[in-house]
Amino acid sequence: MKLYLRNGFIEKDEPLVMGILNVTPDSFSDPGRFLAPEAALAHARAMAAAGADIIDVGGESTRPGASRVGVDEETDRVLPLITRIKEETGVLVSIDTSKEEVARLAVEEGDADIVNDISALGFSERMASTVAALNVPVVLMHIRGTPETMQKDPVYADVVAEIFAYFQERIDYALSHGIKKEKIILDPGIGFGKRLEDNIAILRHLGRFTEFDLPLLVGLSRKSFLGLIAGEKVPEKREAETLAANLVAARNGAAILRVHDVAVTVKALQVWRRLTEPE
Ligand code: 7PJ
């Protein structure tokens, strides 16, 4: 799958690995661990050395019920870090934000490569026109409601069909604001307003979304549905569950895997590719 950037593209046969770098005091996994700038930078370097293609920098937790932060605080957390990562490593950086101002500063001043918006351009009025002007790829993720409300009794008649229709609607919205089709990345939003059976259905039928002919991003690392399946309550201990599910996502068409544990994912994908590539 090709991923089109501001200038040129990158192409890989196996999925790209996106390493998660949370600079938040309250994310559900590793809370506060990388809030100190030097610790965050060291973790970014380690992920780059382990083979990450992209580092996803986020300054606001989107876990269910997490508090929102202001633009200035979010920018102060992420911008110096993005700048350093771009200067010191060869990896691409995505900015995980739903705020137009944060996205714009991250790209214009931090040289970020991708905007990762869990609201699919929906929470910030000017996000779509800003992304169009910046000409960067953007992740359009499916979410039911907002991070505050999404896990309050979500029900779907057919979750795959509903996400499919949502993708169509958000693609049309993006195109109507001048975003180029090849700059769109789709993400079904594992865990964002979904029950266990919804997450399972999405991963089983992920291949349906390849019909859009756009890269699919899957972010399932350590998420609670894995705990429900295998009985592990501690997110940091869901490494095996994460890896198993990511290999299914890879088989079913994922182009980007968003993970905490880059080294394990990269090594597993190398083996997976050798064992599954056509002879
Ligand atoms: C996702 C994300 C995801 C995208 C988070 C967590 C919660 N961005 N940001 N997709 N999840 N695109 O990592 O558990 O699934 S934050």
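Contact, as used in this report, means heavy atoms within 4.5 Å. The structure is a predicted model, in which local features need pLDDT of at least 70, side-chain atom pairs count only at pLDDT 80 or more, and totals for chains, interfaces and linings use all residues. Residues are numbered from 1 along each chain as its sequence is written, and side-chain values use heavy atoms, with hydrogens and water left out.

Helices (H or I, at least four residues) and strands (E, at least two) are DSSP runs, numbered from the N terminus.

**Helix 2 and helix 3**

Val71, Glu74, Thr75, Val78, Leu79 and Ile82 of helix 2 are in contact with Glu101, Val102, Leu105 and Ala106 of helix 3. Sorted by class, this contact comprises 7 nonpolar, 1 polar and 2 charged residues. Here Ala, Val, Leu, Ile, Met, Phe, Trp, Tyr, Cys and Pro count as nonpolar, Asp, Glu, Lys and Arg as charged, and the others, Gly among them, as polar.

Axes are lines fitted to C-alpha atoms, for helices over the stretch in contact, and angles run from 0 to 180 degrees between N-to-C directions. The axes of helix 2 (residues 71-88) and helix 3 (residues 100-108) come within 10 Å and cross at roughly 20°. Helix 2 is therefore roughly parallel to helix 3, a term for angles under 35 degrees.

An open sheet is formed by 8 strands in the order 8-7-6-5-4-3-10-9, with parallel pairing. Two strands pair if DSSP finds at least two bridges between them. Strand 8 (184-187) and strand 9 (217-218) are the edge strands, each pairing on one side only. Helix 5 (residues 159-176) packs on the sheet, where it touches strand 7 (138-141) and strand 8, and its direction makes about 155° with that of strand 8.

Within the sheet, strand 4 (residues 54-58) and strand 5 (residues 92-96) run parallel and are joined by 5 bridges. Gly58 has Asp96 in strand 5 as its bridge partner.

**Residues with positive phi**

Most residues other than glycine have a negative phi. Asp111, although not a glycine, has a positive phi, and Asn135 likewise has a positive value in a residue other than glycine.

| Residue | Phi | Loop | Relative accessibility |
|---|---|---|---|
| Asp111 | about 65° | between helix 3 and strand 6 (114-117) | 39% |

Buried means under 20% relative accessible area, exposed over 50%, and partly exposed in between (1.4 Å probe, protein chains only).

Conventions
Angles under 35 degrees count as roughly parallel, over 145 as roughly antiparallel, 65 to 115 as roughly perpendicular and the rest as oblique.
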